[in-house]
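Thank you all for coming; I would like to walk slowly through one protein structure this morning.

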Amino acid sequence: MRVAVGALLFEGNSFSLSRAGIEAFENNYLERGQDVLSKLRGGGVEVSGALSVFDKAEAEIVPLIASHGGCGGAVRRRVFEQLRDELVAPLAHGPVDGIYLALHGAMACEETDHPEVELLRMVRAAVGDIPIVVSLDLHGNVTPDLVDLCTAIVCYQQYPHDDAFETGIRGARLLLHALAGHPLRMAYRKLAMLISPTTGGTRLSPAMRAIYRECRALEGVPGVLAASYFMLTPWLERRDGGSGFVLVVDDPAIDAGALADALIAKLWAARHAFVPKLTTVEAAIAETIGAEAKPIILSEMSDAVGAGAGGDSVYAVRQFLALDTGAALLAQVVDPEVVAQAAQSPLGAELTVAVGNKIENRYGPPIVLKARVMRFFDGAFTYSGGLMSGVRASIGSSVVLQAGKLTLLVSTYPSYEYADEQYRAAGLDPRQFEFVLVKNPMNFQQTYAWAPKLFALDTPGAAAADLARLDWTLCERPFFPLDDGPQPYMRP
Ligand SMILES: [Zn+2]
């Protein structure tokens, strides 16, 4: 048995001005050929999980490429084409019995509105009618085309995404099941309903937890192999954007469509629970200033790199500084110019820097600060969990600046925030500050669950949590939460 294994993931954001080049993939992981096996066996990503199953089954593995580019506005076309072609090329060198691919489902790229569909069309053209099992981030865009191209689709079960490895296992088992001759069938249903990830946590959001339980219970029914929910990241605007379910069954007697319809009715009924409660910087400070317990966590999720924003906003920092609280704030911002400027100076030097708001320049100019160079940092860190678990990643050359009570970690590249790895690797302990600014819609709620108070900030940006703030031009109306009615709005 020969199975091909590959991965190509990236989460796009249509509202973001940032663009991803090849370094976005290299800064996370990008393995080719035999390195896919040697570097990812024993690791924590999807391919690692899949390899553990295929190795046990003594399958011969044909490695393709395996890469996660993190998140951003869109992948540059030539970069996508290069990676796409590298992934498909080995399939020309002899037949395989089946393919497992870890994809995201919400990649954005110029000249296509569904890069994964484009990739899978090429894979299908290369291999014909063999089983292809695909795993997706649950923030992916499942569409009829995608379903048609795959034998089975399975999504992460958890958000924060702590189950990349397990998802690889589930995908690989489905592929082995198909290769053993079981006829897999999928049912797919999708609502015109967008869910702000802030309220979409599978452990912390009661409404999402209920959907999680429904799906796990269904998977206990004989013949139902996988019941996945997906909630397209709302920041990837698509004409047919929405949330829904994809079921995989192997028993022809099961009415999988009816099961999916029942899930759809439950998700629609719960829709109002997914509207996030947000706070202004001013209100968050007024509520907590002077509190003994620290730190207070402020999430400027509208600039979340993990949601595709540029990570270079200083909107919330500016608002915080304007309140003149005298409290210590730790924040991070992407600004390669400032890193380069600081690199010209010795440690301890005082500089005048204009920092931030250079990619995301729509909500104010850079902040001008007199700042001291406290530390240089090479940017390397290791993800402690989540979809990059164990991956050695980088934010590029970085510098820690101190301006009054503001401590700023300035990096060359953006990076996905799973927990607080970037701060810690730069020698910064969030516990030492009265306020810590993070840029994350969801994971921070888990990372900083121990902190006395966490606020989801109502700030503007490419990943604004308040979906009404976004400049929608494409997503077909009606859709929730912009529109509402008693009957579910369905997508084709
Ligand atoms: Zn996701």
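This is a predicted model: local features need pLDDT of at least 70, side-chain atom pairs count only at pLDDT 80 or more; totals for chains, interfaces and linings use all residues.

Gln 422 belongs to helix H13, residues 421–425, and its side chain reaches the backbone oxygen of Tyr 416 at 2.9 Å. Is Gln 422 buried or exposed? With a relative accessible area of 1%, Gln 422 is buried, because buried here means under 20%.

Now let us step back to the whole chain. The domain assignment divides the protein chain into domain 1, residues 2–274, and domain 2, residues 281–465, and 31 residues from domain 1 meet 32 residues from domain 2 in the contact. The C-alpha centres of the two domains lie 31 Å apart. Between them, domain 1 and domain 2 bury about 2,500 Å², with 57% of that on carbon and sulfur atoms. On the domain 1 side, the residues that lose the most area to domain 2 are Asn 27, Thr 198 and Trp 235, which together make up 22% of what that side buries.

What kinds of contact are found across this interface? The rule finds zero salt bridges between domain 1 and domain 2, whereas 13 residue pairs are in polar contact there. Strand S4, residues 60–72, gives the most to the side of domain 1 that touches domain 2, contributing four residues, and that side, sorted by class, has twelve nonpolar, 14 polar and five charged residues.

Next, some details of the backbone. Most residues other than glycine have a negative phi, and most peptide bonds are trans. Against that background, a cis peptide bond joins Tyr 159 and Pro 160, with omega of about 5 degrees, and Pro 160 sits in the loop between strand S8 and helix H7. Another cis peptide bond joins Lys 294 and Pro 295, with omega of about -5 degrees, and Pro 295 is in the loop between helix H10 and strand S12.

Asp 324, in the loop between helix H11 and strand S13, has a positive phi of about 50 degrees although it is not a glycine. Asn 357, which lies in the loop between strand S14 and strand S15, also has a positive phi, near 55 degrees. Which of these is buried, and which is exposed? Asp 324, at 68% relative accessibility, counts as exposed, while Asn 357 is buried, with a relative accessible area of 4%.

Finally, the salt bridges, of which the count comes to 27. In one of them, Lys 358 pairs with Glu 337, the closest N and O atoms being 3.4 Å apart, and this pair links distant parts of the chain, 21 residues apart, with Lys 358 in the loop between S14 and S15 and Glu 337 in helix H12. Lys 358 is partly exposed, with a relative accessible area of 30%, whereas Glu 337 counts as exposed at 53%. Glu 360 and Arg 362 also meet through their side chains, at 2.7 Å from N to O; here Glu 360 counts as buried at 6% relative accessibility, and Arg 362 as partly exposed at 39%.

Note on methods. Residues are numbered from 1 along each chain as its sequence is written. Side-chain values use heavy atoms; hydrogens and water are left out. Domain bounds come from an automatic or database domain assignment. Contact means heavy atoms within 4.5 Å. Buried area is the accessible area (1.4 Å probe) that two parts lose on being put together, summed over both. A salt bridge is a side-chain nitrogen of Lys or Arg within 4 Å of a carboxyl oxygen of Asp or Glu. A polar contact is a pair of N or O atoms within 3.5 Å; within protein, one must be able to donate a hydrogen and the other to accept it, and residues adjacent in sequence count only if both atoms are side-chain atoms. Helices (H or I, at least four residues) and strands (E, at least two) are DSSP runs, numbered from the N terminus. Ala, Val, Leu, Ile, Met, Phe, Trp, Tyr, Cys and Pro count as nonpolar, Asp, Glu, Lys and Arg as charged, and the others, Gly among them, as polar. Buried means under 20% relative accessible area, exposed over 50%, partly exposed in between (1.4 Å probe, protein chains only).
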